[in-house]
Amino acid sequence: MRTKVLFIVTKSNWGGAQRYVFDLATNLPQHYDPAVACGGTGLLTEKLRAHGVRVHSIEAMQRDMSMLREISAFVSLLSVIRRERPHIVHLNSSKAGVLGAVAARLLGVPKIVFSAHGWAYHEKRLLFIQWLWWLGHAATLALATDSIAVSEHIFRTAPFRRRMRIILHGIELYPPKQQHAPNDPIEILTIAELHRNKGIDVLLRALALLKPGSYRATVIGEGQERENLESLASLLQVAVHLPGFIENASDKIDACDLFVLPSRTEALGYVLLEAGRAACAAIGTRVGGIPEVIEDGVSGRTVEPENPEALAAALRSLVEDSALRNQYAAALRARVESVFRLDRMVAETAAVYVA
């Protein structure tokens, strides 16, 4: 008999937690039978169904808080768990963690695993809301039989670490598709949701400090900050291309010279692993798990968040020095190859399932 695993994640878009669920659900050993419950119908559901994975769409499960929606989502989760009768429930993201842990406990699921992709109480919110999220995360960890931190930073900042282990993200590797011969001007790329947490406004302020015409900047992604970012770019007279969401956006990294992730908060950053896989030089901020991917001055540059001047200085140094870009690119590729492999992530997660 195959072991049934039900993955639960709040949203069905294509963010980090969704990518993680997809990679696990489609790469577990053959004796596992995966299914996924997620909020709404997005790119995640399309990709999973294309790979033959059962998907349960729960319209009421959304990131924004609403008491009526939470009750509806909880009832739907109970129904899905009863229908699937899983041996393992694997929870991902904050809201899915809280609701799913309670539902799985009530229905007697023997193995409840929670993967922490970030702590919502670290985001800029009212203090009361931060405390509510801290309590919610603590409750999820208490109800889970096992928990996984996807970065050392998440492990260190957890409410508590009972039966928690670190399993770093991993991606499938392949040789870089092309050599990063320098473009003229230099191509700078960011792939991120247009959300305040991603710090795109800081990037725009940094670009305004660079020599005009020395670069072309593209920010791939969509989100609630689009209008604000377009207004800021116009005010600063920064030439930046905002094409919106592009499926398989990581393919664009192969054609860029420099990848930038200017986040205010970040669990780890799959896009940095994709930059390493493509042997592209990268700059990130010293938040969350980013320094676990980029070692400053060795495999790229890291700067303090909320600091356009520091980011501009890092950008300028790499825009002007192709040899340094190549050095950082090779070192980042080597680090991703040695540490952030998909087969390792899958094997270590499967070991949690049988522990």
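Student: How many helices and strands does the protein chain have?
Tutor: Happy to start there. The model is predicted, and the secondary structure of the protein chain comes to 13 helices and 13 strands.

Student: What radius of gyration does the protein chain have, and what would a compact globule have?
Tutor: Let's begin with the chain length, which is 355 residues. A compact globule with 355 residues would have a radius of gyration near 20 Å. The protein chain agrees with that, and its own value is 20 Å.

Student: What share of the residues in the protein chain is buried?
Tutor: A residue counts as buried when its relative accessible area is under 20%. Of the 355 residues in the protein chain, the buried share is 56%.

Student: Among contacts between residues at least 6 apart in sequence, what share joins residues at least 24 apart?
Tutor: Contact here means heavy atoms within 4.5 Å. Taking the contacts in the protein chain between residues at least 6 apart in sequence, the share that joins residues at least 24 apart is 68%.

Student: How far apart are the mean positions of the positive and negative charges?
Tutor: The protein chain has 40 positive and 36 negative charges.

Student: Now a residue: is His-87 buried, partly exposed or exposed?
Tutor: His-87 sits in the loop between helix H3 (67-84) and strand S4 (88-92). Its relative accessible area is 27%. Buried means under 20% and exposed means over 50%. His-87 lies in between, so the answer is partly exposed.

Student: Which residue has its backbone nitrogen 2.9 Å from a polar atom of the side chain of His-87?
Tutor: Leaving aside residues up to four places away in sequence, His-87 touches Met-1, Arg-2, Thr-3, Lys-4, Val-109, Pro-110 and Lys-111. Among them, Lys-111 is 24 residues away in sequence and 6.4 Å away in space, C-alpha to C-alpha. The backbone nitrogen at 2.9 Å from the His-87 side chain belongs to Lys-4.

Student: Why does Thr-140 count as buried?
Tutor: Thr-140 is found in helix H5 (residues 127-143). The cut-off for buried is under 20% relative accessible area. Thr-140 counts as buried because its relative accessibility is 1%.

Student: Which backbone nitrogen does the side chain of Thr-140 reach?
Tutor: Not counting residues up to four places away in sequence, Thr-140 touches Gly-97, Val-98, Ala-101 and Phe-114. The side chain of Thr-140 reaches a backbone nitrogen at 3.4 Å, and that nitrogen belongs to Val-98.

Methods: Residues are numbered from 1 along each chain as its sequence is written. This is a predicted model: local features need pLDDT of at least 70, side-chain atom pairs count only at pLDDT 80 or more; totals for chains, interfaces and linings use all residues. Side-chain values use heavy atoms; hydrogens and water are left out. Helices (H or I, at least four residues) and strands (E, at least two) are DSSP runs, numbered from the N terminus. The radius of gyration is taken over C-alpha atoms; the globule rule is 2.2 Å times the number of residues to the power 0.38. Buried means under 20% relative accessible area, exposed over 50%, partly exposed in between (1.4 Å probe, protein chains only). Lys and Arg count as positive and Asp and Glu as negative; His and the chain ends are not counted. The place of a charge is taken as NZ of Lys, CZ of Arg, CG of Asp or CD of Glu. A polar contact is a pair of N or O atoms within 3.5 Å; within protein, one must be able to donate a hydrogen and the other to accept it, and residues adjacent in sequence count only if both atoms are side-chain atoms.
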